[in-house]
Structures are given as C-alpha cells and as structure tokens.
Amino acid sequence: MTMPLTSAEIRQKFLKYFERQGHTIVASSSLIPANDPTLLFTNAGMVQFKDSFLGLEKRPYKRATTSQKCMRVAGKHNDLENVGPSPRHHTFFEMLGNFSLGDYFKKDAIRFAYDLLVNEYGLSPDRLVYTVHTNDDEAYDLWTKDMGIDASRVYRMGDKTNFWQMADVGPCGPTSEIHYDWGEETCTCGEPDCSVLLDNGCDRWLEIWNLVFMQFNQDADGHREPLPAPGVDTGMGLERIVSIIQNKRANYETDLFTPIIKRTQTLLGDTDAQAAEKYVAYRVIADHGRAITFMVGDGVMPGNEGREYVLRLILRRAARYGRIAGFTEPFLAKIAETVIEEMGGHYTELVARRQFILNVIRQEEERFLKTFAHGLDLLEALVESLKAEGKTEIPGEDVFKLHATFGFPFHLTRDIAAEEYGFTVDELGFQKAMQRHSEISGSGSFKAIDESTLSIYAKLLEDLKAGGDEPAQDPYQSTESKTTVLAILQDGKQLDSAGEGLEVEMVLANTPFYVESGGQISDTGTITGDGWEMTVTDARKPVSGLVVHYGQMTRGTARTGDAATAQVDADRRMNIMRNHTATHLLQAALQSVLGKHVAQAGSLVAPDRLRFDFSHPDPMTAEELQAVEASVNAAILADYPVNVSHQNYKEAVSSGAMALFGEKYGDVVRVITIDGDVSRELCGGTHVQHTGQIGAFLITGEGSVAAGVRRIEAVTGPTAMAHIQAQRAELSRVAAKLGVKPTDVANRIESLLTYLHEHDKEIKALKRKLARADFEQHLQKVQDVNGISVLATQVTVDDSALLREMGDWFRDKLGSGVIVLGTVLNEKPSLIAIVTDDLVKKGLHAGKLVKSVAKIVGGGGGGRPNMAQAGGKNPAKLPDALRQVPSLVAEMVK
C-alpha cells in the first residue's frame with residue numbers, strides 16, 4: 001500500500017511544481033506585515049506582493065510561488081472559540097499560493113490548478129467541483145471547454161462568494177473556487193439538492209483553492225476599469241489539502257498536528273481513550289502551540305495592545321486548556337520544542353531563534369500561572385454572588401478587573417464563564433472600561449491606517465508616474481538635494497500652493513530625507529525655494545515609492561512645480577548615524593559576552609539616544625554590562641571602517657549576515673559590514689564611515705520589557721560626553737562634601753555606612769530597653785473582663801517589629817489573656833491584637849477583634865485567631881478605639 005504524501009512533501013511538491021512553470025520560489029514573509037499598516041498580522045499569501053499588484057513596487061520576476069505563514073484570529077471562519085471544537089478552524093495556518101504579477105491570467109491559472117491537483121497530487125476529478133462569478137463567462141468557458149469539465153460541476157455564483165477586492169477602491173476582480181466533495185454520506189445539511197451552490201456550510205464540501213483574477217481597478221464611485229496588466233493571486237490552505245491527500249476529515253488528524261498531539265499525550269501520560277475524551281483541549285494546545293511559536297519566532301512579544309495582546313491571549317488560552325487537560329506545571333515551551341522540530345526544516349528561523357522562543361513562552365506562561373488560581377477564585381466568587389442576585393451576566397467592569405489584575409484576557413473570561421458556569425459577559429461594558437483605562441494611561445490599541453487614506457497616496461503616486469514624475473529617494477549620498485515640488489497636500493487634498501503658517505505635506509522629485517524604518521527615526525530639516533521655506537518635522541512613506549514630507553510653511557508661498565532645495569538637519573543626522581552604528585556594535589558585544597542566543601527584538605535609533613531590545617532570560621550583572629560597554633568602546637577606538645555593499649539576499653544570509661525580526665527584505669539587500677570581523681548585518685539605515693566617529697558609548701540603563709526580553713539604553717557622541725561630564729561634576733561635588741578626593745569617595749561612603757549601621761544597632765537596642773521599661777508600667781493597666789485578663793494600651797514605638805515583640809512580652813507575662821496594643825507609625829495608627837490559645841478555644845478571635853477596633857480609627861485589618869494586625873487613618877481616635885476593647889471582648893464571650 002502506497003503511503004500518502006507527508007505535509008512537508010505536499011508543501012514542497014507545490015513549490016517545485018510552480019518553479020517548473022517558471023515561478024520564483026519566494027520565502028514566506030513575516031507574520032508582522034512590513035508593508036501594510038492596515039493589518040495586524042499577515043493573513044494571506046498576497047500580502048507581501050500587495051505593492052507589486054498596486055504597481056508601487058517592481059520585482060525581478062513576474063511569476064512567484066510561496067508557502068506563507070498566516071494568522072487569522074477574527075472573522076467569519078476564525079472565531080477563537082471555534083478553535084478546538086471545530087475540525088478545521090485554526091489561528092495559525094499556511095497558505096500555498098502562486099502569483100502572476102502582470103504575466104499570465106485566467107487560462108494558465110486554471111490549467112495550473114487542475115494539473116497540480118489531479119496529475120501531481122492524484123485527486124480524483126470526480127471529487128472536484130468549481131465555482132465562477134456569475135458574469136465571468138471567460139472562466140466558465142475555460143473550465144467547461146478548455147479543461148473539459150462537465151457543466152454540472154461548474155457553478156455560477158455572486159459577489160458574496162466569487163468576487164474579491166482589496167478595498168473600496170483599487171484592484172479587484174472575480175474569483176474561481178475549487179471545492180472537494182467528501183461524498184454524499186458526509187452531508188450535514190440534509191438538503192435533497194445539496195451542493196456548493198447552496199453555500200450553507202455543509203460539511204460535505206471543502207473549499208481548497210481560491211483563484212483570484214485581479215481584472216479591474218475600482219474608483220471611489222464604484223466604477224470599474226480594466227487593469228492594464230491584470231494579475232493572479234491564488235491561495236490554498238496547506239492544512240486543507242493535506243487533510244484530503246491523507247484522507248483525514250479533521251485537520252488535527254494529519255501529520256501537521258499529530259506529532260504535537262502525541263507530544264501532549266506523552267507529557268500528560270494519557271491513554272488513547274483519555275486523550276480522545278479531551279480532544280478539544282488537545283486541539284487547542286496543538287493549534288495555539290503552533291501559533292505562539294511562530295509569532296514569537298517573528299518577534300511578537302506578549303503585551304496588552306495589538307498583536308502583542310493577541311499573542312498573550314492565545315498563549316493563556318492554551319495554558320488554561322492545559323490545566324483542563326491535566327497539566328499542573330508550565331508545559332507550552334515543550335510543545336513549542338515539537339513545533340520547531342517539525343516545522344524548522346522549512347521555516348529555518350524557528351531553529352535559529354529556538355532558545356529565544358522557548359524562553360519567552362516559558363516565562364509568559366509562568367507569569368500567568370502565578371495569578372491564574374487567584375483569578376479563578378475571584379471569578380467563582382463573583383459568579384456565586386451574581387447567582388444569588390438572579391443574574392447570569394458578568395459586568396464589564398468585573399471582566400476588566402480580571403484582565404487588569406490577574407491577566408485574564410477578555411476571551412478567556414468569556415470562555416470560562418460560558419463553559420463552566422453558563423454565564424455570559426458584558427462585552428460592551430468591558431470595552432468601555434478598557435477605553436477609560438486607555439484614556440487615563442495614555443495607551444491605545446493597534447491603530448491601522450484606513451484604506452481610503454492609503455488610496456489617496458496610491459492614486460497620487462500613480463498619477464505622478466503616469467506624468468513621468470516618479471519620485472526618488474537617496475538618503476545615503478548627501479544630506480542636501482536640488483529638487484522640484486511635485487505635490488502639496490493638506491488633509492488628503494492636493495493644493496496648488498501653500499502660504500506661511502500652513503501645515504502641509506510635500507512630495508519632491510527626489511529627496512535625501514530618511515524615512516523611519518528598522519528602528520531609525522525619520523530625518524528633519526528644511527525645504528526651501530525662491531522666497532519660501534518649509535520646516536520639515538517628519539518624513540513618512542505611506543505607500544512604497546512615495547516619500548511625504550510633513551511640516552509647516554515658515555516663510556513665503558510654495559507652489560507645485562517650484563524648484564527647491566531639500567536640506568536634512570546634518571548635525572542631527574550625524575548623531576543618528578552614530579547611534580545606529582553603535583547598535584550594531586552593541587549586538588555584537590552582547591553576543592560575545594552573553595552568547596549567540598542574543599537576537600534583536602526591537603530598537604530605537606534617535607539623535608539623543610539609542611534603545612536596543614534583545615532576547616536574554618536574565619538581568620545582566622554589573623560585570624556583564626561593563627564588559628559589553630568596554631567591548632563597544634574598544635571597537636570605537638579601533639576606528640574600524642564601516643562598509644556598505646549590496647548582495648543577493650540568500651547569499652548575504654548564507655555568508656553570515658544577520659537578518660532582523662519582522663523586516664521585509666527584497667532579493668537584493670544592503671549589507672553593513674564593520675571591519676575586524678566585528679559585525680555584518682542586513683540594514684537599510686544610515687551609518688558612520690568609521691567607528692571612531694561614534695566618539696564614545698555609554699550604557700545608561702538595563703531592564704526588562706517582556707518575558708525573555710531585556711532592554712539596554714545608551715548614548716553616544718556629544719550626548720555621551722555630556723553624561724560623562726555631568727557625572728564627573730556630581731562626583732566632585734560629593735567628594736567635596738565628604739572632604740576627600742574623588743578617587744576616595746567609595747571608601748569614605750563605605751566607612752560612613754559602617755559607622756551608621758553600628759549606631760543604628762545601638763539606637764535600636766536603647767529603644768528596646770526603653771520599651772521594656774515602659775512595659776512594666778503598662779502591666780498596671782490590665783483589666784478583668786468576665787474573668788479574662790485584658791490589656792488595651794497605647795505604647796510608644798517607631799517600628800512594627802518592636803510593636804509585635806511587645807505584644808509577645810505581654811502574652812508571655814499574662815499567660816492567659818487578650819492584648820491590644822496601639823501606636824502611631826508614620827502619622828497613622830497601627831494596632832496589634834493577641835489572644836492566648838486557651839481563650840481562642842473559648843471563641844475569642846484576634847482577627848475579628850482588631851477589625852472592630854480598626855474601624856474606629858478609619859481603617860481595617862484582620863488575621864489569625866491568635867494574632868492579627870490592622871491600620872487606620874485617624875491617629876486622634878486611637879485612645880477612643882483602645883477604650884472600646886474591654887466591651888468588645890465582653891461581647892465576644894457572651
């Protein structure tokens with residue numbers, strides 16, 4: 001019996017088939033979209049080709065094929081609660097695709113799809129059915145006439161299923177879908193005329209491939225014009241085609257998931273029967289384990305906003321289902337190990353970042369588990385309270401409290417409430433609470449640039465190109481450029497001119513301004529013309545190929561077509577270059593001192609400072625920080641040349657050049673090499689020509705920013721010198737105060753600390769003696785309350801430890817009794833209550849007693865039956881509170 005193809009073989013067969021058809025195999029882009037600010041995650045294969053389809057980017061090939069990493073966590077087929085119960089819902093998946101960038105069109109797309117499915121994968125033609133758009137006669141004829149498919153197997157359907165558009169404006173076109181028929185016996189809709197045409201979600205039909213024909217360009221009025229160079233974008237879910245070829249009705253039964261599921265079963269020690277009973281938890285762990293591994297591998301870190309929140313949500317949902325399945329300790333890093341073993345052959349970045357991925361997942365899961373049990377207890381108590389009131393919905397404020405205090409993402413609370421208690425949650429109330437919190441804290445969620453705004457810039461670039469005015473950018477050769485004003489905009493509208501005081505956007509024929517990318521912030525400067533000047537405060541690239549300068553007209557009136565000079569602030573740029581080259585030296589030093597597991601996880605390169613985030617599980621020691629700082633400064637003093645070259649991407653990476661998280665790279669990349677075998681990185685930023693130009697490097701801070709990620713902040717050049725001079729001046733002032741030389745400050749402080757420590761011990765001993773003497777006087781205040789010795793008195797102490805010790809003295813002296821001592825600490829009343837064990841057995845309770853006393857001083861507290869503490873707000877009420885103790889004791893022993 002012939003074994004079915006493995007998922008790896010199916011993926012490879014797809015790519016190799018299209019390579020034989022003249023396609024270039026293009027590596028998957030990151031899950032973090034580098035060229036589309038409207039997306040939280042890459043959710044389709046065409047995302048990395050979007051600019052090519054829009055005509056904003058030219059590639060050295062017109063045919064491409066990929067296996068793209070994708071994430072979908074919301075939408076019609078991707079509601080998170082369906083992941084687990086459903087056999088086919090996923091968060092992370094792979095999209096196989098072939099793309100024609102203005103080359104072939106419908107005929108070849110249809111021919112390729114049929115040939116691959118039937119002749120390469122061996123699917124039965126009788127199992128395949130097809131859909132085309134109602135008005136797409138061309139596609140219909142290609143299926144029925146050219147391919148010879150019986151017309152009864154080709155359905156015409158409307159816009160809902162068979163028309164695709166990127167946005168309200170822009171490229172769009174009809175689609176043709178290929179569906180697989182699992183057989184009549186698998187029908188779940190029960191309709192006598194069951195078919196794809198009904199579009200009713202029947203499990204008999206599985207959509208496996210969608211062929212999108214980008215045929216038109218739609219304007220704002222909905223009018224469509226044929227594209228001059230139509231294209232093809234196809235997508236086939238790897239998980240789906242694998243399920244068909246391996247004949248598994250559930251994706252989780254294919255070899256994409258079974259190794260993870262078997263690993264889970266081994267870790268739990270479950271029998272096959274036990275694992276089958278827990279199938280939902282097993283599926284959630286398998287799906288979410290893949291998702292979090294790939295997300296962290298692409299540089300997403302756990303957090304409370306945007307894609308970082310999605311990672312935290314999915315990881316914690318997996319951890320919760322792990323508890324349901326029987327895990328009592330963190331386990332997700334072990335699941336990630338299996339994902340890396342299974343997927344690392346194709347997605348090599350998983351292997352390269354293995355330790356970083358495992359560290360981040362392990363630490364995030366451990367962090368969550370510390371508060372998980374407390375959060376569950378609070379949720380249970382909340383539900384019981386609501387049940388007593390006859391309610392079945394958890395208020396939004398309480399859902400937010402679980403989120404903010406115990407790390408319960410909204411979806412997790414919703415799942416637990418529904419599955420364990422049959423409760424709903426107030427989602428609107430939660431969102432309002434989140435909004436209030438965001439307004440107070442100044443934070444906000446992921447903000448996408450809307451498509452309509454992007455379309456304005458895309459249309460502008462298209463018009464400029466059509467008129468022969470394609471804008472150019474070169475931030476590397478000079479900080480000054482003679483140029484021409486191509487466009488002036490304000491609030492999305494083009495202006496013929498702009499006068500003094502107006503805040504505008506300006507597009508130039510060519511510009512030396514660098515646009516924020518790779519952590520390096522944008523340049524600032526000026527644009528000047530005949531009698532006018534614009535101060536540039538920012539430069540952005542809303543669409544590929546278009547640099548927009550933002551700022552204010554400070555003099556005169558600028559007009560479209562004016563000759564102009566673009567001038568970057570050269571001093572500011574130089575400081576940015578110092579900091580950027582320093583980050584390369586810093587990464588090299590960190591890898592040398594801490595190990596090769598260090599990988600960049602984010603950066604900021606500004607004129608006055610640099611910030612570098614990197615993978616490392618532990619805080620750096622003072623010795624490690626000193627070693628890193630010394631290594632960077634040694635490279636600066638060596639004055640190594642900084643060389644720039646351009647290479648093929650694959651050749652550059654294979655030669656050892658480092659590629660960074662989440663960056664989009666073309667086929668030809670810019671490589672920054674620092675001589676002396678110091679550093680070699682792919683980088684599009686601006687750099688000094690020699691390391692000596694950096695001047696000096698000074699680390700100003702080190703700390704944690706996320707699980708498994710540390711952050712170093714540093715300064716260079718003039719800022720570093722200013723820091724050093726300020727520190728020297730402060731050291732001199734301290735030395736003068738101490739009456740020693742600056743070199744002797746540390747020794748002098750050490751001796752002073754020793755002196756103070758010894759005197760502190762003497763003072764504490766004297767205070768203890770005074771308290772002991774005071775103790776004898778207070779014994780005279782003992783009262784008899786129904787045969788019980790009760791002492792309630794105010795004492796004079798200045799720390800809570802001595803207050804507790806005095807309580808022990810009184811207990812030991814009385815043998816049997818109730819003691820309540822009060823004092824004023826830091827201008828607030830403090831109380832301790834002690835009940836001897838013999839009286840505890842008679843029903844007296846120190847915690848309840850001190851709680852009642854504390855109310856009088858405007859506070860609260862509690863504790864054990866034999867000892868409890870409390871605090872308050874009003875020290876003036878302390879004598880009154882202590883006078884109430886005898887009557888409170890009398891009440892307790894009635």
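Asn786 is found in the loop that joins strand S30 (783–785) to strand S31 (788–794), and this residue has a positive phi of about 55° although it is not a glycine. With a relative accessible area of 61%, Asn786 is exposed, because exposed residues are those over 50%. The model described here is a predicted one, and every value given below was computed from it.

**The protein as a whole**

The protein has 27 helices and 35 strands, and its C-alpha atoms fill a box of roughly 110 × 75 × 55 Å when the box is taken along the principal axes. Of the 894 residues in the protein, 49% are buried.

**A buried arginine**

The side chain of Arg317 reaches the backbone oxygen of Val83, at a distance of 3.4 Å. When neighbours within four places in sequence are left aside, the residues in contact with Arg317 are Leu80, Glu81, Val83, Val284, His288, Leu412 and Asp415.

**Aromatic pairs**

A pair of aromatic rings is described by the distance of the centres and the angle of the planes. A search of the whole structure finds 18 aromatic pairs. One of them is formed by Phe14 and Phe18, a tilted pair with 4.9 Å from centre to centre and 50° between the planes. Both of these residues lie in helix H1 (residues 7–20), where they are four residues apart, about one turn of the helix. Phe14 is buried, at 0% relative accessibility, and Phe18 is likewise buried, with a relative accessible area of 0%.

Tyr252 and Phe257 form another aromatic pair, also tilted, with 4.8 Å from centre to centre and 50° between the planes. Tyr252 counts as buried at 3% relative accessibility, and Phe257 counts as buried at 0%. The two pairs are set out below.

| Pair | Centre to centre | Angle between planes | Arrangement |
|---|---|---|---|
| Phe14 and Phe18 | 4.9 Å | 50° | tilted |
| Tyr252 and Phe257 | 4.8 Å | 50° | tilted |

Which residues do ring pairs link into a cluster with Phe14? The cluster consists of Phe14, Tyr17, Phe18, Tyr104, Phe112 and Trp209, which are joined through ring pairs. Phe14 and Phe18, the two residues of helix H1 described above, are therefore buried members of this cluster, with 0% relative accessibility for Phe14 and a relative accessible area of 0% for Phe18.

Key:
Residues are numbered from 1 along each chain as its sequence is written. This is a predicted model: local features need pLDDT of at least 70, side-chain atom pairs count only at pLDDT 80 or more; totals for chains, interfaces and linings use all residues. Side-chain values use heavy atoms; hydrogens and water are left out. Buried means under 20% relative accessible area, exposed over 50%, partly exposed in between (1.4 Å probe, protein chains only). A polar contact is a pair of N or O atoms within 3.5 Å; within protein, one must be able to donate a hydrogen and the other to accept it, and residues adjacent in sequence count only if both atoms are side-chain atoms. Contact means heavy atoms within 4.5 Å. Rings of Phe, Tyr and Trp (its six-membered ring) pair if their centres lie within 6.5 Å; planes under 30 degrees apart count as stacked, over 60 as edge-to-face and the rest as tilted.
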